[in-house]
Amino acid sequence: MYGVAVVEDQVFIANTIADMIRKESKEFEICGIYHDGKEFLDNIKGSPPDIVITDIKMPQMDGLELSENLVSHYPDIKIIILSGYEDFQYAREAIRLGVCNYLLKPCSVQELMETLEKVAEKISQQKKREVMLHEYEEFFIDNLPTLRQQALISLMFTQDSAVPVQKLHLEHLEGPCQLFLIIPQLDCRDSAEEELLLFCCMNILEELLEPIIHKELFICNHQFVLIAPVDKALSGKNKICLQKACATIEKIIHHKVLFYEGKKMTGISQCRESYQSALEQSRQTAFLDSSEVREDSDSILDKAIQYIRDNYARDISLQDVADAAYVSYNYLSTLFTQNLGVNFSVYLSKTRIEKACTLLRRPDSKVAEVAETVGYSNYRYFNHVFKKLTGYTPSEYRRNQDRRPAL
């Protein structure tokens, strides 16, 4: 329902217009009849109507002056000028002021109602636009961090952003700033494990990098990007803070975490150049460190083998060994295959049977006890594995102690 106020100095005409509207439509409610523009303004401050139908000529404040006042102070009110003066100057001035329509007295009921319905449609469309704008503003505010990240990622790759940077509250990065590329050296069994580790890394980074003010931290291509404003005093502090954070992450997830500083920027418009320079550093480091990676893999494999030799009698899994060596399941599995030529399961079985062979050389040892000692609770399965690896059953091996298992 739309509220309509009638402003007309002739009482009879004002009442007639109000009665016509009440009779013709329930969509419009007469919320007041006034005989002068000033009287109307003095009485609407609390609850202004949606539509005003006003005469031109009135004693204290005419319709044009009233319209000008309403456009300035109540821009949402729609104005219909109703006048008996067939003067184009009035109509032109009314249109200039923003009046919705200009009707001549006497107007028919049909003409008045059609005009009101057109104005009502304008009000309805305006309210819909306002609702949509409000929803958009709420969405924009709620998703501002994500939109900022998307804009920065766009700048890193295309030097352009779908959303104008000025609207994303990134003023803190309009001056000198620095970009760091943070790369966890993950080797995961599947994407789910990788996502979990990345989520863990992000939480740690957000907490430990809190001293770096006005920063932007986000994930891009399974790597982390940190962009922060900088001056001579902050440059070193930011790097030290990041070093400590990466060291902490390494201890927690048992994976190496490297970071690279991109080319200095005078503002975020240079994101692409800075990101590319950091990326190039990471590629060069990966190439130069290939020999170190080999040394690391040998060290990891030594730890894994030692753990198996110390714990072969227990029900251990590859995951147990990987945890002890501080590497991922998948990475350790690859190391076994590439460096030893067998998988973990075969290597564990060989270690157990090798120990079983040593124990079976003792005259007083019993086969069942030997099986349990080296980690086999199932005697038949022990016999099966033993024969598969040595070519003999445990009893046959004992009778041929001078022979050695073909392990």
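1. Ala5 of strand E1 has Val52 in strand E3 as its bridge partner, and E1 and E3 pair in the parallel sense over 4 bridges, where two strands are said to pair if DSSP finds at least two bridges between them. Helices (H or I, at least four residues) and strands (E, at least two) are DSSP runs, numbered from the N terminus.

2. This is a predicted model, in which local features need pLDDT of at least 70 and side-chain atom pairs count only at pLDDT 80 or more, while totals for chains, interfaces and linings use all residues. Residues are numbered from 1 along each chain as its sequence is written, and side-chain values use heavy atoms, with hydrogens and water left out.

3. Strand E1 (residues 2-7) is mostly covered, with 6 of its 6 residues buried, that is, under 20% relative accessible area with a 1.4 Å probe and protein chains only. Tyr2, Val4 and Val6 lie on one side and Gly3, Ala5 and Val7 on the other, and both faces are covered.

4. E1 is also joined to strand E2 (residues 28-34) by 6 bridges, the two running parallel, and Val4 has Ile30 as its bridge partner in E2. The chain passes from E1 through helix H1 (residues 11-24) to E2 in a right-handed β-α-β crossover, meaning that, with the strands pointing away from the viewer, the path from the first strand over the helix to the second runs clockwise.

5. Thr54, which is placed in strand E3 (residues 51-54), counts as buried because its relative accessibility is 1%. Leaving aside residues up to four places away in sequence, Thr54 touches Val7, Gly63, Leu66, Ser67, Ile79, Ile80, Ile81 and Leu82, contact being heavy atoms within 4.5 Å.

6. An open sheet of 4 strands has the order E7-E8-E6-E9 with antiparallel pairing, and its edge strands, E7 (216-220) and E9 (257-261), each pair on one side only. E7 is joined to strand E8 (residues 223-229) by 5 bridges, and Leu217 has Leu226 in E8 as its bridge partner.

7. Helix H13 (residues 344-360) packs against helix H15 (residues 379-390) at an angle of about 95°, with the axes 10 Å apart; H13 is therefore roughly perpendicular to H15, a term covering 65 to 115 degrees. Axes are lines fitted to C-alpha atoms, for helices over the stretch in contact, and angles run from 0 to 180 degrees between N-to-C directions. Among the residues that meet are Ile353 and Leu360 in H13 and Phe382 and Leu389 in H15.

Conventions
Parallel < 35°, antiparallel > 145°, perpendicular 65-115°, else oblique. Buried < 20%, exposed > 50% of the residue type's maximum accessible area, 1.4 Å probe, protein only.
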